[in-house]
Amino acid sequence: MHTSSGRWAYGLFLTLLTAFLWGILPIKLKEVLEVMDPITVTWYRLLVSGGVLLAYLTASKRLPAFSLLGKKGKWLVVIAVLGLTGNYVLYLFGLKLLNPGTTQLVIQVAPILLLVSSLLIFRERFSLIQGLGLLVLLVGFGLFFNQRLVELLTSLTAYTTGVLIVLAAAFVWTFYGLAQKQLLTVWNSLQIMMVIYLACAVLLFPWAHPQQVTELNSVQGWLLLACCLNTLVAYGAFAEALAHWEASKVSAALAVTPLVTFAAVALAAIWWPSHILPEQLNWIAYGGALLVVSGSALTAMGPTLLAGLRGRSSLR
């Protein structure tokens, strides 16, 4: 069983770096999507990230051995590839219809779905504290959508469609997460990411339009490159954070990602008003966003908090 190095300050820094990179990502993607379609943007992100990992693993002589997979492992790779491809593409289709902040908040459902799936498949425990966190998260979503709750429940507008597409992206990501969790028994995280990224790029190539990159202006071109590198650096920082800090604490800290997006959108709307529109939310919606973040963090920290409470009670 893996144990953290104990360098919690370094782990916290890497986690906050990951949250920052993931938080600003939808803003950059939103601008690139003005010219390129979601499939092509995803293809470029996966190809560049996978290509860099391929070069690194080749140079360090750490390429994955496919002979270790077996029949079950190969099916897990297929499931992971389909899950991540679906997640990336659906997320961008949803982002085209929604604001970055809303998109980033709705995708918070993904780790919750992974948790519930792990309970059913891996028989993991679900504590009372985690149940409370899930309840707080659901209440938060209700408050966040207070201005458009009737629209969401009664009509299929562009906004409703966008929310449903992002929820679908969260759902298919669960299959990727479950498959990756099993593949970690055979390969390390970098090897898994390389294989999945390149396989996804191959899968999407027939529907991609690489020539669209020539239609980007200089700013959009740099933003596309930043999106590609964001995927690589953010996941690398995330993986390294897990080596130095407990997984539950990393997950809890990453719950602030939607707040990073809301703050980044507010600043970008001031600095770049011709391109970025501010979020049209009331104070109830912002309060709901805080509850979603708090619920996500509480759900992630449930086992750690419960262990701490048991430890204190045993000392009495």
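Close-up 1. Gln104 is part of helix 4, residues 100-106 (helices are DSSP runs of H or I with at least four residues, numbered from the N terminus). The residue is buried at a relative accessible area of 8%, where buried means under 20% relative accessible area with a 1.4 Å probe, protein chains only. Leaving aside residues up to four places away in sequence, Gln104 touches Trp22, Pro26, Tyr91, Thr257, Pro258 and Thr261 (contact: heavy atoms within 4.5 Å). Between Gln104 and Pro26 the C-alpha to C-alpha distance is 7.5 Å, with a sequence separation of 78 residues. This is a predicted model, in which local features need pLDDT of at least 70, side-chain atom pairs count only at pLDDT 80 or more, and totals for chains, interfaces and linings use all residues. Numbering starts from 1 along each chain as its sequence is written, and side-chain values use heavy atoms, with hydrogens and water left out.

**Close-up 2. Crossing of helix 3 and helix 9.** The axes of helix 3 (residues 70-97) and helix 9 (residues 189-204) come within 9 Å and cross at roughly 65 degrees; axes are lines fitted to C-alpha atoms over the stretch in contact, and angles run from 0 to 180 degrees between N-to-C directions. The two helices are therefore roughly perpendicular (65 to 115 degrees). Residues making the contact include Val77, Leu84 and Tyr88 of helix 3 and Ile196, Cys200 and Leu204 of helix 9.

**Close-up 3. Cysteines Cys200 and Cys228.** Cys200 is buried, at 0% relative accessible area. Cys228 is in no disulfide, and the nearest cysteine sulfur, that of Cys227, is 6.9 Å away (disulfide: a pair of cysteine sulfur atoms within 2.5 Å). Cys228 is also buried, at 3% relative accessibility.

Key
Parallel < 35°, antiparallel > 145°, perpendicular 65-115°, else oblique. Buried < 20%, exposed > 50% of the residue type's maximum accessible area, 1.4 Å probe, protein only.
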